[in-house]
Amino acid sequence: MSSIEFRDLTVKFGKRTVVQGFTDTVRSGEWLGLIGPNGAGKSSILRAIVGVIPSAGEVLVDGSSMTLRSRARRAAIVAYVPQDPLMPSDMTGFEYALLGRAPYVGYFGHESRHDRAMVADVLERLELSEFADRRLGRLSGGERQRLVIARALATEAPILLLDEPTSALDIGHQQQALELVARLRNDHGLTVISAMHDLTLAGLYSDRLALLHAGTVVASGVPEEVLRAETLAEFYGVRVTVHSEPDGTIVVIPRRDALD
Amino acid sequence: MPASVLAVVLAVLLGAMIGPAGPVWWRVPLALLDHLPLISIDSGVTDREWSIIWDIRMPRVVLAGLVGAMLSVGGASYQGVFRNPLVDPYLLGAAAGAGLGATLMIAIWDDIGSDWPVDPVPAVAFVFALGAVAITYLVGASFGGMRTTSTLVLAGVAMVSLLTAMQTFVLQRNSEVVREVYSWILGRVSTARWDDVRLVFPYVAVSCVVLFFHRRQLDLLRVGDDEAVTLGVPVTRVRLIVVIAATLGTAAVVAVSGLIGFVGLVVPHMVRLVAGASYRRVVPLTVAFGAAFLILADIPGRMLTAPAELPIGVVTAFVGAPFFIVLLRTREISR
C-alpha cells in the first residue's frame with residue numbers, strides 16, 4: 001500500500017515542454033486514469049516516474065522523494081508496464097517473468113530459490129504456468145500482455161504503472177487484461193496509474209481521471225465529471241455522445257456527420 | 001555443460017595429435033599423460049618428438065583456444081549490449097584499428113630497427129585497437145545520448161571505414177609489404193610460442209571473468225534499455241563495462257593472431273540454437289565452444305597445404321559458414 005504524490009512535475013524534451021507542472025496525489029489503492037489526445041504527455045508522466053526520462057519537480061512515494069532512493073529501491077516500489085514492451089522471441093515465459101525479481105538481486109548475484117518459487121507462484125495465479133517454458137515468439141498478443149503484467153507483479157511493487165496496456169489487444173483480451181489488473185489491485189491493495197486511449201474503458205476501471213492536453217491537466221475528477229461531451233469536444237476535437245448506463249457506467253460513443 | 005568441457009578436451013587432444021611431423025598420433029595422449037604430475041607412462045615418445053608436441057603444437061592449440069574463446073564471448077557480449085544479432089567483436093573498430101597499427105608498423109619496421117624489448121607489431125596493434133574503440137565510443141555517445149545503441153553502431157561503421165581507408169593508403173604507399181600485411185590480416189596462430197600465450201592470457205582471463213559476472217545483466221538488457229532501467233539496472237554503466245572488458249580481450253587476441261573473422265558471429269549463434277538464448281548459459285558455453293571451434297579450425301590449415309599453412313581465418317569462414325547454414329536450417333525446421 002503506497003500513495004504517490006506529484007509536485008509540479010515537469011518534463012522537457014530540449015526546449016519543448018511535454019508535461020507542465022503536473023500536481024496530484026494518488027491515494028493508496030486508488031486507480032488514476034490519465035487520458036488525453038496523442039502527445040498530451042500521458043506516457044511522459046509515467047516514464048518520468050520510473051526515471052527513464054529526466055524531469056523536474058518532485059515525485060514522492062509515501063512522503064519521501066523517489067530521486068533520493070537507489071535505483072534498485074525505486075524499481076522495487078514502482079512496476080512499469082510499457083506501451084510496446086520489447087519481448088525477445090527466444091526468451092521463455094518464465095525467464096521473462098523472472099526479470100521482475102531484478103530489483104532484489106545484487107549486482108553480481110543471482111535469483112534465489114525464493115525468487116524462482118515466487119515467480120512460479122505468480123504464473124500459477126495468473127494461469128500462465130503453461131507458458132513458463134514456451135518461447136515468447138510463439139505466444140499470442142494477449143498471452144504476452146499477461147506475461148508483462150506477471151513480470152510487473154513479480155517485482156511486488158505497491159505501485160503499478162500501465163502505459164496503454166491494452167492498445168494492441170482485441171476487445172475480449174482488453175477486458176481480460178484490465179480485469180486482471182483490477183483483481184490484483186483488490187487482492188494486493190495496488191495503487192495503479194494508467195495511460196489509456198479508450199475512454200469508456202478508462203472510465204470503467206479508474207477511480208479518477210485526469211485529462212491532459214498539451215502537457216497540462218485540463219480536467220480532473222471522477223469519470224462522470226471528466227467524460228463530458230463538451231470537454232471531449234474541446235480537447236480531443238471530436239463529436240461524441242456520452243451515455244450513462246443505469247449502473248453508472250459511462251459510454252463514450254463517436255458520432256459522424258451525415259454525408260450530403 | 002559437461003559436453004562443453006568434453007568438446008574442449010577432445011579439441012585439445014586432436015590439436016596435439018595431428019600435424020605433418022612428429023610422433024604417431026596415439027602416442028600423443030600417452031605422452032601428455034606421462035607429463036602430468038604423479039603419472040608415469042612409457043609413451044615411447046622421443047625427446048625430439050615431445051618437443052614437437054610441447055613447443056610447437058601445444059602453444060598454437062592453447063593460443064587458438066584463447067583466441068576462439070575470447071572472440072566468441074566478446075561477440076556474444078557485444079550482441080547482448082547492442083541487442084543486435086549481426087554484431088561481432090570487431091564492430092567498434094577493434095580489428096580495423098589493430099589492422100592499421102600493424103600495417104603502419106610493418107611498413108615502417110625497417111626504418112626503426114629491431115632493438116625493441118617487445119615485438120612492436122602486436123603492441124602497436126593492441127594500442128591502436130583500444131584507441132579506435134575508445135574514439136568510437138566517445139563519438140557515438142556524444143550525440144543522441146547514451147541510451148541509443150544505434151548511434152554507437154553507426155559511429156563504429158564510420159570508424160571502421162575511416163581506419164580501413166587509412167590502412168589502404170599506407171599499403172598503397174608501401175606495396176612491398178602487402179604480402180606480409182595480408183598474411184597478418186588473414187590471421188594465424190601457426191607461429192605461436194608460449195610467449196604469445198603468456199602475452200594474451202591475462203587479458204583473456206580478466207575479460208572472460210568480467211563478462212561471466214555480467215551474464216545476468218546481459219539478460220536484463222534484452223528487454224530494452226528503458227525497461228532495464230525500470231528494473232533497476234544501471235544500463236549505461238553495464239554497457240560501458242561490458243564493452244571495455246570485451247574490447248580489452250579482443251584487442252589483445254587480435255594483436256597476436258590477426259583478424260580471424262566469423263568466430264565471434266557464428267559461435268554465439270550456434271550456442272544459442274542449441275542451448276537457448278539466455279546469457280546465463282550463452283556466456284560460459286561460448287567460451288568453451290569458441291575455444292574448441294578455433295582449435296579444430298586450426299587443424300585443416302596445417303594439413304591441407306603442408307608444408308605451407310592455410311590461414312586460419314580462411315578455414316573458419318570456409319568450414320564455419322556452411323556448417324552454420326545447415327544448423328540454422330535444421331533448427332528452423334524442427335521448431
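Author: The questions below concern a predicted model.

Reader: How does the radius of gyration of chain A stand against the globule rule for 260 residues?

Author: Chain A holds nine helices and 12 strands. For 260 residues the globule rule gives 18 Å, and the chain is close to that value, so it is as compact as a globular protein of that length; its radius of gyration is 19 Å.

Reader: What share of the residues in chain A is buried?

Author: A residue counts as buried if 20 or more other C-beta atoms lie within 10 Å of its own. Of the 260 residues in chain A, the buried part is 42%.

Reader: Which helix of chain A gives the most to the side that touches chain B?

Author: In the contact between the chains, 20 residues of chain A meet 16 residues of chain B. Four residues on the side of chain A come from one element, residues 71-77, which is helix 2. That side as a whole comprises four charged, two polar and 14 nonpolar residues.

Reader: Are helix 3 and helix 11 of chain B roughly parallel or roughly antiparallel?

Author: Helix 3 (residues 47-81) and helix 11 (residues 235-257) of chain B pack with their axes 9 Å apart, at an angle of about 150 degrees. Their crossing is left-handed. Angles over 145 degrees count as roughly antiparallel. The two helices of chain B are therefore roughly antiparallel.

Reader: How many residues in the contact of helix 3 with helix 11 of chain B are nonpolar?

Author: Residues of this contact include B:Leu66 and B:Met70 of helix 3 and B:Val242 and B:Ala246 of helix 11. One residue of the contact is charged and five are polar, while the nonpolar ones number 11.

Notes: Residues numbered from 1 in each chain as written. Chains lettered and ligands numbered in written order. Predicted model: local features only at pLDDT ≥ 70, side-chain atom pairs only at ≥ 80, totals over all residues. Contact = placed C-beta atoms within 7 Å. Nonpolar A, V, L, I, M, F, W, Y, C, P; charged D, E, K, R; others polar. Rg over C-alpha atoms; globule rule 2.2 N^0.38 Å. Buried ≥ 20, exposed ≤ 12 C-beta atoms within 10 Å, placed from the backbone. Axes fitted to C-alpha atoms, helices over the stretch in contact; angles between N-to-C directions. Parallel < 35°, antiparallel > 145°, perpendicular 65-115°, else oblique. Left-handed = near helix turned anticlockwise from the far one by under 90°.
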